[in-house]
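This briefing covers a sheet, a set of salt bridges and a pocket. Please keep the sequence and the model in view while reading.

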Amino acid sequence: MASERVKTPRSLFETAVVQFERAADVISLPDQTRNILRSPKNEVIVNFPVEMDSGEVEIFRGYRIQHSNILGPFKGGMRFSPQVDLDEVKALATWMTWKTALVNVPFGGAKGGVTVDPKSYSERELQGIVRRFTHALGTNIGPEHDIPAPDMGSNAQMMVWMMDTYANSSKEFDRHSSRRVVTGKTVECGGSIGRDKATGQGVAFVLQHHVEGQGRSLIGAKVAIQGFGNVGEHTARVLSGMGAHVMAVADHTGAIISTGTPIDPEQLWAHVHDTGGVDAYPEADVATTDEFWSADVDILVPAALENQITVDRVDLINAHVMAEGANGPTTPEAEEKLTAGGMEILPDVLANAGGVAVSYFEWVQNKMSQQWDLPKVDEKLRNLMWQACDQVEDRRRYYGCTRRDAAYVVALERLQAVYDQRGIWP
Ligand code: NAD
C-alpha cells in the first residue's frame, strides 16, 4: 500500500472548522454568520438492508450531510469507502459550500456516502446497495433540493442507478425532470459530455493559469500524482497533453517513478485497468512511499485521500507548487510549514472545483433538455476556473493571506452578502 491514512491531532471536521475560523478572522465575519456556517444544517443517517448473492441480508449505513443551501440546492458527491463516517462527511459537506460559492455556481454544499468497500461486492450487490440507499434517502434528495454526484468509490453507472431509483419513485409526469436529481451520469442517461474528466481538467486549468501567471510554463514541468482514479488519471492525461511530464504516480497498490521518459497516462491507465493498480507498471521503477513523496518534481498533485501531507512528510517534498486534487489532503500544520518554505498551494476548494462546475453545466443542460459539445463545456469550465483563480489572487494580495484563506474569503464574502440582504427569518 502506497500510503496509509495518517493519524493527525484532530478530526477532519475539526480541520475544516479551523480553516473556516482562520478565513473568517481575515474578514471579521460577523458572529451570527459564523455560528450558522460552523455546523451543517441537516445530518441524515440511514441504515438499510440489502440482500447479498448468497441470500443473506447485510445492513449498511449511509449518510447525507447538508451543510448550506443559502446560495442554492445542496450539492455534493456520494463517497463509497470503508472509511466513510459522520466526521468525514461533515468536513466534506462544509468544503462543498465554500467550493460552490467560490466558483459562483448557484448551489450550496452537501456530501454523503456509504460505509462500504465497493470492490468487495458483485455488480448486482452494488446495484442493490446504491438503489436501497437512494430509496432510504427518499425526499432528502431532489432536483431542486439536494443533488448528489460521484466521489471516491462511485462512478457514472452508480449515479444512473441512483437517478433511475429516484425517478421511478417519482410521479409519472415528474420522471423526466427528475433526471437532474443526480449529476455525473453517463452521457447516454443525461450526463454532460466532459463530466468524467472535469475535475482533472479543472486541476490542469488552475495549474496552467497559476504557472503561466508567474511567467513560467507547464511545458516540461515534472509532476507527481498521488491517486490514479477519476481525478488523478484525468489530471495526468490533461497535464501531459499540455506538455508537462508525469514522473511519479502512487495509488493503493504501490508507487512508481520514472527517471527517464515521462509516464504515458494512456499506457498506465491500460495497466491499471488490467491489474487493478499502478504497482508493477513495467515502464517505470517501483518506489517506496517515501521515495514517491520525495520525487524530484516541480508540481505535486495529491488526488487520493485526505490527511496525506502531514508535518512529518513536509521535509520529503521537493515540489514548489501543489494543486490539491483531493479534498483535505494537507493538514493545517503541514500547510503552515510548507508555506513558510515557499510552497505555492492551490487549495482543494479551488483546484478540484472543476467537477462541481461541470455538474452544474449538466444540471442546466438537463433542465433545458440540451446537450453541449466538448469545446463548449471546456471553454465554459476554463472561464469559470480562471475567474475564480483571479478572484483568489486578488483577495490574497489585498489581505496578505494564504491562497486557502483567500479562496474561503471569496466564498464567505458571497455568503455574507446574501445573509445581509435576506436576514434571518422570522
Ligand atoms: P477514485 O475512487 O476514482 O480514486 C481514488 C484513488 O485513490 C485511486 O487511484 C486509489 O488507488 C487511490 N488510493 C486509495 N487509497 C489510497 C492510499 N491509501 N494511498 C494512495 N492512494 C490511494 O476517487 P476520485 O473520484 O478520483 O477522488 C479522489 C479525491 O478527489 C477524493 O478526495 C475526492 O473527494 C476528490 N474529488 C473528486 C471529485 C470527482 O469528481 N470525482 C471532485 C472533487 C474532488
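Seven strands form an open sheet with mixed pairing, in the order S9-S8-S7-S6-S10-S11-S12. The model is predicted: local features need pLDDT of at least 70 and side-chain atom pairs count only at pLDDT 80 or more, while totals for chains, interfaces and linings use all residues. Residues are numbered from 1 along each chain as its sequence is written, and side-chain values use heavy atoms, with hydrogens and water left out.

**Sheet**
- Strands (DSSP runs of E, at least two residues, numbered from the N terminus) pair if DSSP finds at least two bridges between them.
- The edge strands, S9 (285-287) and S12 (344-346), each pair on one side only.
- Strand S11 (residues 321-323) runs parallel to S12 and is joined to S12 by three bridges.
- Met322 has Ile345 in S12 as its bridge partner.

**Salt bridges**
- The whole structure holds 30 salt bridges, each a side-chain nitrogen of Lys or Arg within 4 Å of a carboxyl oxygen of Asp or Glu.
- Arg79 forms a salt bridge with Glu88, with the closest N and O atoms 3.3 Å apart.
- Arg79 also meets Glu306 in a salt bridge (3.1 Å, N to O), and the two residues lie 227 residues apart in the chain.
- Both Arg79 and Glu306 are buried, that is, under 20% relative accessible area.
- Glu88 is likewise buried, at 3% relative accessibility.

**Pocket lining**
- The lining of the second largest pocket divides into six nonpolar (Ala, Val, Leu, Ile, Met, Phe, Trp, Tyr, Cys and Pro), five polar (the others, Gly among them) and two charged residues (Asp, Glu, Lys and Arg).
- A pocket is an open set of points on a 1 Å grid over the protein atoms alone, where a 1.4 Å probe fits, with protein on both sides within 12 Å along at least five of seven lines; lining residues have an atom within 4 Å of a point.

Terms used:
Helix = DSSP H or I, 4+ residues; strand = E, 2+ residues; numbered from the N terminus. Buried < 20%, exposed > 50% of the residue type's maximum accessible area, 1.4 Å probe, protein only.
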